[in-house]
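Here is a short tour to read alongside the structure. Keep the viewer open and follow along.

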Amino acid sequence: MSPENLKYLLVGILVFGFLVRKTLGFLNVKNPIPPIPDTLSEYLNLSKLEESKAYQKENFRFTLLAGIFSFVFTFLFIALGWFGAIDSWVAGFGFPPLLKSLVFFWIDLHRIGSFELAF
């Protein structure tokens with residue numbers, strides 16, 4: 001498998017996973033509150049369920065925005081070859097393979113964490 005095909009496969013998996021996650025989240029938020037069964041009516045309060053559903057909708061909107069931002073950033077990292085550039089940059093320091101891998105993943109974790117702090 002050529003590197004270009006592998007890149008397209010990785011981007012396809014990334015897009016598919018993002019779409020499935022967001023579609024399932026949307027379907028979960030879209031569902032109405034079902035009626036409370038008689039056996040649980042003494043334990044559940046309808047007003048609390050409605051409050052929980054409103055919170056779930058707001059949380060979905062927020063995570064959708066944060067997820068789109070993170071997805072676009074990760075997509076750009078893969079599509080534009082920035083991971084390869086970081087790998088080449090780290091390799092230039094002459095670290096042994098294990099330390100080179102640790103430094104690469106440390107940089108990647110900081111890439112992820114720096115954008116999660118904004119949200």
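## Aromatic residues

Six residues make up one aromatic cluster: F73, F77, W82, F83, F104 and F105. Before going further, please keep in mind that this is a predicted model.

The structure holds 9 aromatic pairs. One of them joins W89 and F93, whose rings sit 5.0 Å apart, centre to centre, with 80° between their planes. That pair is edge-to-face, because an angle over 60 degrees puts it in that class.

How accessible are the two partners, W89 and F93? W89 has a relative accessible area of 52% and is exposed, while F93, at 47% relative accessibility, counts as partly exposed.

## Helix α1

Helix α1 covers residues 3-30, which is 28 residues in total. From its first C-alpha to its last it reaches 40 Å, close to the 40 Å expected at 1.5 Å a residue.

Which residues of α1 are buried? They are V11, F18, K22, G25 and V29. Helix α2, residues 46-79, is included in what covers these buried residues of α1.

Y55 is found in helix α2. Is Y55 buried or exposed? With a relative accessible area of 58%, Y55 is exposed, because that value is over 50%.

V29, by contrast, is among the buried residues of α1. Along the chain Y55 and V29 are 26 residues apart, and their C-alpha atoms are separated by 9.9 Å.

Conventions: Residues numbered from 1 in each chain as written. Predicted model: local features only at pLDDT ≥ 70, side-chain atom pairs only at ≥ 80, totals over all residues. Heavy atoms only, no water. Helix = DSSP H or I, 4+ residues; strand = E, 2+ residues; numbered from the N terminus. Expected span 1.5 Å × (residues − 1). Buried < 20%, exposed > 50% of the residue type's maximum accessible area, 1.4 Å probe, protein only. Contact = heavy atoms within 4.5 Å. Phe/Tyr/Trp six-rings, centres within 6.5 Å; stacked < 30°, edge-to-face > 60°.
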